[in-house]
Amino acid sequence: MDHEVDMTERPLRVAVIGSGPAGLYAAEALIKQGDLPVSVDVFDRLPVPYGLVRYGVAPDHYKIKSVISVYEKTLADPRVRFFGHVEFGRDLTRADYRRLYDAVIYAVGASSDRSLGIAGEDLPGSLSATEFVAWYNGHPDAATRAMALDARGVAVVGVGNVAVDVTRILAKTRDELAETDIADHALDVLARSAVTDIYMLGRRGPVQAKFTTKELGELGELANADIIVKPEEIALDPVSEAALAGQRVAQRNMEVLRAFAVKPQEGKPRRIHLRFLVSPVEILGTAGVEGLVIERNRLDEQQRAVGTGEYETLPVQMVLRSVGYKGVPLAGVPFDTRAQVVPHRAGRVMESADGAVVSGEYATGWIKRGPSGLIGTNKADSVETVKSLLADAPNLPRAAEGDPEAVDALLRERNVRYVTMADWLELEKYETALGEAQGRPRVKIVHVEEMLERIARVKS
Ligand code: NAP
């Protein structure tokens, strides 16, 4: 029979599923509070930690990745263990976690992407920014993907920061990319890229765009690409003018965009066409993408895009949709299919959006609030979730097998080749050494088997 946790007996055992920013901020919040002894195990389905920081942040935004030093400190704490290469639902199930831990925190992010729902979307050459980002960042799931960059024209649909990242990577020269930790396979392909024109498409106006000013500004500073903005597409209607009044980011974006609109083109080999008030309506082609039909929009009173019936075809051979990420359900864990998140109240998992709280289970990060915000946003999000957990802790039923050793034993019994923090640090040393030899921060190992082999070799 379960009984309530007696805090004097042993530390509270918590499993964190996912070692990206949200998971590691949750682990940090747990060890930083002084009220309750805790023991935290952080799991990841990949052999390596840091999730979106390693595989989402653009390779040429290396400074953003310095946040890893904070995460390293958390994982180095004696109360925290890392278990890489352990997949939820396959290697350990929800029932296993409930048996082994007093509380479980889901921090698995949003690994899938939204689609456009237009004809031609399944053609070769039409893919999601999620796939493209995973490919150039060396994510194991995308490492074997064949990516031909023989398109001259590429449409990037969406005007969020991911669209900006993708556009910038497509526009950069080999030299600009060679000093980053971009995956080797991507560097080779991007160096031979035929791309001349990149069309970044916002369905609404510039005031409604989601990108931030620094990221937008970088598009005007590229060695190899001119930026082109049509003055008539950034002219504001009264609704946007009113909306602009209260929005500092949009105001700063408008200053940058107005400067772009009058900036003379320098005849660089590539061009970024930043377009507004246009929606993709059909991807043309038979064996691959041959064009993208877009419709001109206007905004209604609620700042929604409304089609005008005026069409244009863009000469593109590749379409990258960058219209947001989407959460994926975890086996056996409640999921709100409409909002595409785990339903929760202040981080406490609920059976459904208006259902009862599931005792001992929590969520944080993108799987909790949806795919929005910067890396730091996850800190406050995880603090909220951990606060709920700590408030519940005295009444949580005690896990049936709360001994930390039981986890290792079960994984060994199931022949799971799990990766520890010490293993990861060895692999990281190897990646960094490879990078040093090439004047790069690291050279990523992109295949899971190769990661595991390298770790096994160090151990033997
Ligand atoms: P996002 O900021 O939500 O942007 C999504 C974009 O897609 C919006 O412009 C949206 O337009 C558009 N869109 C959605 N559905 C569409 C459709 N059917 N047709 C045309 N356009 C459509 O998402 P994200 O770019 O994936 O970024 C996710 C989060 O990560 C954001 O919080 C972002 O700031 C963050 N991030 C930050 C950085 C950085 O700091 N450097 C880098 C990458 C990502 P509407 O507004 O009209 O819906």
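How many nonpolar, polar and charged residues are in the lining of the largest cavity? By class, that lining has 5 nonpolar, no polar and 5 charged residues. Hold that thought while you get your bearings. The model in your viewer is predicted.

**Stop 1: the whole chain**

Show the protein chain as a cartoon. Its secondary structure comes to 16 helices and 18 strands. The radius of gyration is 24 Å, close to the 23 Å that the globule rule gives for 460 residues, so the chain is as compact as a globular protein of that length. Along the principal axes, the C-alpha trace spans about 70 × 55 × 40 Å.

**Stop 2: the mixed sheet**

Colour strands E3, E2, E1, E4, E18, E17 and E16. These 7 strands form an open sheet, in the order E3-E2-E1-E4-E18-E17-E16. The pairing is mixed. Now select 80–83, which is strand E3, and 344–345, which is strand E16. Both stand at the edges, each with a single partner strand, so one side of each is left without a neighbour in the sheet.

Next, select helix H14, residues 404–413. This helix packs on the sheet and touches strand E1 (12–17), strand E2 (38–43) and E3. The direction of H14 makes about 10° with that of E3.

Move along to strands E17 (residues 348–350) and E18 (residues 357–363). They run antiparallel, joined by 2 bridges. Pick Arg348: its bridge partner in E18 is Tyr362.

**Stop 3: the parallel sheet**

Turn to the sheet in the order E6-E14-E7-E8-E10-E9. It is open, has 6 strands, and its pairing is parallel. Which strands stand at its edges? They are E6 (126–128) and E9 (225–229). Each has a single partner strand, so one side of each is left without a neighbour in the sheet. On average, neighbouring strands here are turned by 20° against each other, direction ignored.

Select E8 (residues 197–201) and E10 (residues 270–275). This parallel pair is joined by 5 bridges. Within it, Asp197 has Arg271 in E10 as its bridge partner.

**Stop 4: the cavities**

Now for the empty space. Rolling a probe the size of a water molecule over the atoms shows where such space is left. The structure holds 2 cavities of 30 Å³ or more.

Select its lining: Tyr50, Val53, Arg54, Tyr62, Lys65, Ile68, Asp181, Trp424, Arg442 and Lys444. Colour these by class to see the 5 nonpolar and 5 charged residues from the opening question.

Then select Leu219, Gly220, Ala225, Asp226, Ile227, Lys263, Pro264, Gln265 and Lys268. They line the second largest cavity, which holds about 40 Å³ of space. By class, this lining has 4 nonpolar, 2 polar and 3 charged residues.

**Stop 5**

Select Pro124, Gly125, Ala148, Asp150 and Gln317. Of the 15 residues that line the second largest pocket, these are the closest to its centre. The pocket has a volume of about 220 Å³. Its lining has 9 nonpolar, 4 polar and 2 charged residues.

**Stop 6: His185**

Finish at His185, in helix H8 (residues 184–191). Which residues does His185 touch, not counting those up to four places away in sequence? Show Trp135, Gly138, Ala143 and Val446. Last, draw a distance from the C-alpha atom of His185 to that of Gln33: it reads 43 Å. The two residues are 152 residues apart along the chain.

Definitions and conventions:
Residues are numbered from 1 along each chain as its sequence is written. This is a predicted model: local features need pLDDT of at least 70, side-chain atom pairs count only at pLDDT 80 or more; totals for chains, interfaces and linings use all residues. Side-chain values use heavy atoms; hydrogens and water are left out. On a 1 Å grid over the protein atoms alone, a cavity is a set of points where a 1.4 Å probe fits but cannot get out, and a pocket is an open set with protein on both sides within 12 Å along at least five of seven lines; lining residues have an atom within 4 Å of a point. Grid points are joined across faces, edges and corners, and a volume is the space filled by probe spheres set on the points. Ala, Val, Leu, Ile, Met, Phe, Trp, Tyr, Cys and Pro count as nonpolar, Asp, Glu, Lys and Arg as charged, and the others, Gly among them, as polar. Two strands pair if DSSP finds at least two bridges between them. Helices (H or I, at least four residues) and strands (E, at least two) are DSSP runs, numbered from the N terminus. Contact means heavy atoms within 4.5 Å. Axes are lines fitted to C-alpha atoms, for helices over the stretch in contact, and angles run from 0 to 180 degrees between N-to-C directions. The radius of gyration is taken over C-alpha atoms; the globule rule is 2.2 Å times the number of residues to the power 0.38.
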